[in-house]
Amino acid sequence: FDLPSRPIKQIAAGAGVRSSMAPGEIYSRLLPLQTDLLKAVYQTIADECNHRRIRPVWVYLTIPDPNSGEVGSRNLPLAESAGFSVFDATDWHRNEDGLFPAAQDYHPTPKGHRLIAEALLEIFTQHKLLSPEDSAE
């Protein structure tokens with residue numbers, strides 16, 4: 001199989017992954033390298049964006065999960081080191097209720113979508129990530 005980038009190919013080669021392997025074996029070999037693999041994926045995306053003169057942007061939005069802070073603190077530096085402009089929107093929810101339909105349902109309600117959109121617009125406007133015509137209502 002053809003992998004999309006040199007960083008990802010290096011991770012796969014280092015793990016001894018071959019296209020003839022069963023999916024379970026590939027998974028077992030890559031699981032201990034998940035942080036390196038994510039970093040390679042982020043690097044691939046950032047490289048592709050830069051090649052096309054697109055600014056890669058990574059925004060951290062929390063969900064109501066006790067492990068979400070751990071995910072952000074682990075992934076934010078990986079995205080930043082790959083070359084993304086990184087923004088932390090952990091306060092997007094403004095401590096409001098009714099943003100998710102149920103405790104384990106992480107797809108936002110219409111109210112949640114609205115607050116996420118407002119947080120993104122604020123970040124994009126504040127950091128001049130939108131041109132004036134993009135932010136016109």
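This is a predicted model: local features need pLDDT of at least 70, side-chain atom pairs count only at pLDDT 80 or more; totals for chains, interfaces and linings use all residues.
Side chains of opposite charge can pair when their charged atoms come close. A search of the whole structure turns up seven salt bridges, among them the ones described here.

One of them joins arginine 52 to glutamate 48, with the closest N and O atoms 2.2 Å apart. Because its relative accessibility is 38%, glutamate 48 counts as partly exposed, a class that lies between the limits of 20% for buried and 50% for exposed.

Another salt bridge pairs glutamate 96 with lysine 111, and here the closest N and O atoms are 3.1 Å apart. This pair links distant parts of the chain, since glutamate 96 sits in the loop between β2 (85–88) and α5 (110–126) while lysine 111 belongs to helix α5, 15 residues apart. Glutamate 96 has a relative accessible area of 32%, so it is partly exposed. Lysine 111 is also partly exposed, because its relative accessibility is 31%.

Helix α5 also holds both partners of a further pair, glutamate 118 and arginine 114, which are four residues apart, about one turn of the helix. These two residues form a salt bridge whose closest N and O atoms are 3.1 Å apart. With a relative accessible area of 30%, glutamate 118 is partly exposed; arginine 114, at 41% relative accessibility, is partly exposed as well. The pair belongs to a network, in which salt bridges with shared partners join Arg94, Arg114 and Glu118.

How values were computed
Residues are numbered from 1 along each chain as its sequence is written. Side-chain values use heavy atoms; hydrogens and water are left out. A salt bridge is a side-chain nitrogen of Lys or Arg within 4 Å of a carboxyl oxygen of Asp or Glu. Buried means under 20% relative accessible area, exposed over 50%, partly exposed in between (1.4 Å probe, protein chains only). Helices (H or I, at least four residues) and strands (E, at least two) are DSSP runs, numbered from the N terminus.
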